[in-house]
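Please read it with the structure open.

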Amino acid sequence: MDHEADAYRTDLMTITRYVLNEQSRNPEARGDLTILLSHIVLGCKFVASAAGLAKLIGLAGETNVQGEEQKKLDVLSNEVFVKALVSSGRTCVLVSEEDEEATFVDPALRGKYCVCFDPLDGSSNIDCGVSIGTIFGIYMIKDKENVTLEDVLQPGKNMVAAGYCMYGSSCTLVLSTGNGVNGFTLDPSLGEFILTHPDIKIPKKGKIYSVNEGNAKNWDEPTAKFVEKCKFPKDGSSPKSLRYIGSMVADVHRTLLYGGVFLYPADKKSPNGKLRVLYEVFPMSFLMEQAGGQSFTGKGRALDLVPTKIHERSPIFLGSYEDVEEIKGLYAAQAK
């Protein structure tokens with residue numbers, strides 16, 4: 001038995017240890033956010049396990065060998081997160097991509113936080129093994145006893161924490177509590193998320209652009225000009241590479257680590273864009289800004305947006321600071 005290796009394995013920065021360290025920096029903290037995050041982490045571990053087995057044991061809306069009806073993985077993931085969040089005793093209202101209405105927690109179990117989440121983003125990719133993920137954003141609610149839908153419709157800049165968990169070749173959880181961005185990878189032998197990407201900073205400028213070019217005929221002029229410039233730069237620089245997975249978590253994760261820009265613009269078919277504000281645009285924009293990038297809607301800073309409906313959509317351009325700055329310049333020029 002290699003005692004030295006085992007000793008090293010116990011000196012790892014786990015996500016629990018990291019969140020507790022963050023808590024100790026705030027003397028007034030009572031540990032509520034720490035408890036809530038630990039319940040989110042548990043939900044992510046459960047979904048990671050189910051996602052890996054999805055095709056093997058028929059978690060795809062089919063009937064298994066015992067003749068039992070299996071729930072689709074996205075429905076199962078939603079139930080897992082709703083139960084994990086309610087049982088934490090730290091939430092008062094939940095907004096899920098899977099549920100038409102917001103879920104108001106039983107008054108006896110209420111805490112001071114609102115969680116907006118997409119339990120399984122990119123779930124149409126399950127069958128072909130492409131990375132999928134969970135996205136979440138956390139807000140504080142002023143009066144948990146009298147919480148209303150209005151309390152949920154806050155601008156993204158009010159978030160206290162945001163993150164995503166990507167289920168792919170490895171299971172990676174990326175988190176920000178407003179003090180930079182850190183990435184953790186699930187070690188299956190320990191059942192723990194270990195800090196593998198400390199203090200993620202997105203490069204100032206990237207060599208990759210990520211967009212669904214199948215929508216090109218419906219784009220507005222600034223988007224079309226930007227993509228044209230990516231492919232045919234006039235300043236003698238090399239063209240950017242196109243990388244588009246079609247799973248927001250995977251595309252944003254790559255953008256965060258390698259730099260570049262991810263865009264899902266408004267177009268003639270979807271004039272308000274396609275991605276949802278509360279549980280896709282806001283959490284990813286929060287992470288991007290915390291990592292030194294920026295996020296833009298075509299009209300302004302994404303985190304300044306004030307939603308009017310829980311499933312509201314918005315165009316989004318996010319990524320490296322200079323690349324998004326270039327897009328902002330093209331929209332400003334069009335507005336003149």
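Leaving out residues up to four places away in sequence, L153 touches L278, V306, P307, T308, K309 and I310, where contact means heavy atoms within 4.5 Å. The model is predicted, so local features need pLDDT of at least 70 and side-chain atom pairs count only at pLDDT 80 or more, while totals for chains, interfaces and linings use all residues. Residues are numbered from 1 along each chain as its sequence is written, and side-chain values use heavy atoms, with hydrogens and water left out.

**Loop residues**

- L153 is found in the loop between α5 (149-152) and β5 (161-167); helices (H or I, at least four residues) and strands (E, at least two) are DSSP runs, numbered from the N terminus.
- With a relative accessible area of 11%, L153 is buried; buried means under 20% relative accessible area, exposed over 50%, and partly exposed in between (1.4 Å probe, protein chains only).
- L153 and R90 are separated by 63 residues in sequence and by 19 Å in space, C-alpha to C-alpha.
- S131 is found in the loop between β3 and β4 (132-140), and this residue is buried, with a relative accessible area of 18%.
- The contacts of S131, not counting residues up to four places away in sequence, are M166, Y167, G168, S247 and A250.
- D199 is in the loop between β8 (192-197) and β9 (208-210).
- D199 is partly exposed at a relative accessible area of 46%, and its phi is near 45°, a positive value in a residue other than glycine.

**Aromatic rings**

- A search of the whole structure finds 5 aromatic pairs; rings of Phe, Tyr and Trp (its six-membered ring) pair if their centres lie within 6.5 Å, and planes under 30 degrees apart count as stacked, over 60 as edge-to-face and the rest as tilted.
- The ring centres of F81 and F117 are 6.1 Å apart and the planes stand at 45°, so this pair is tilted.
- F81 lies in helix α4 (residues 73-87) and F117 in strand β3 (residues 113-121), so the pair ties together parts that are 36 residues apart in sequence.
- Both partners are covered: F81 is buried at a relative accessible area of 3%, and F117 is buried at 2% relative accessibility.
- Apart from neighbours within four places in sequence, F81 is in contact with I40, G43, C44, V47, F117, P119, T134 and Y167.
- F81 and L33 are 48 residues apart in sequence and 16 Å apart in space, C-alpha to C-alpha.
- F296, F317 and Y331 are linked into a cluster by ring pairs.
- K204 lies over the face of Y321, at 5.3 Å from the ring centre; a charge sits over a ring if NZ of Lys or CZ of Arg is within 6 Å of the ring centre and within 35 degrees of the ring normal.

**Packing of α6 and α9**

- The axes of helix α6 (residues 221-231) and helix α9 (residues 321-335) come within 9 Å and cross at roughly 135°; axes are lines fitted to C-alpha atoms, for helices over the stretch in contact, and angles run from 0 to 180 degrees between N-to-C directions.
- α6 and α9 are therefore oblique to each other; angles under 35 degrees count as roughly parallel, over 145 as roughly antiparallel, 65 to 115 as roughly perpendicular and the rest as oblique.
- The crossing of these two helices, α6 and α9, is right-handed; a crossing is left-handed if the near helix is turned anticlockwise from the far one by less than a right angle, and right-handed if clockwise.
- On the α6 side the contact is made by E221, P222, T223, K225, F226 and K229, and on the α9 side by D323, E326, I327, L330, Y331 and Q334.

- Helix α8 (residues 277-290) is mostly covered, with 12 of its 14 residues buried.
- The buried residues of α8 include L278, Y279, F282 and F286.
- Helix α7 (residues 248-258) packs with α8 at an angle of about 15°, the axes being 11 Å apart, which makes α7 roughly parallel to α8.
- α7 passes α8 in a right-handed crossing.
- M248, V249, V252, T255 and L256 of α7 make the contact with E280, M284, L287 and M288 of α8.
- G292 follows α8 and has a positive phi, near 95°.
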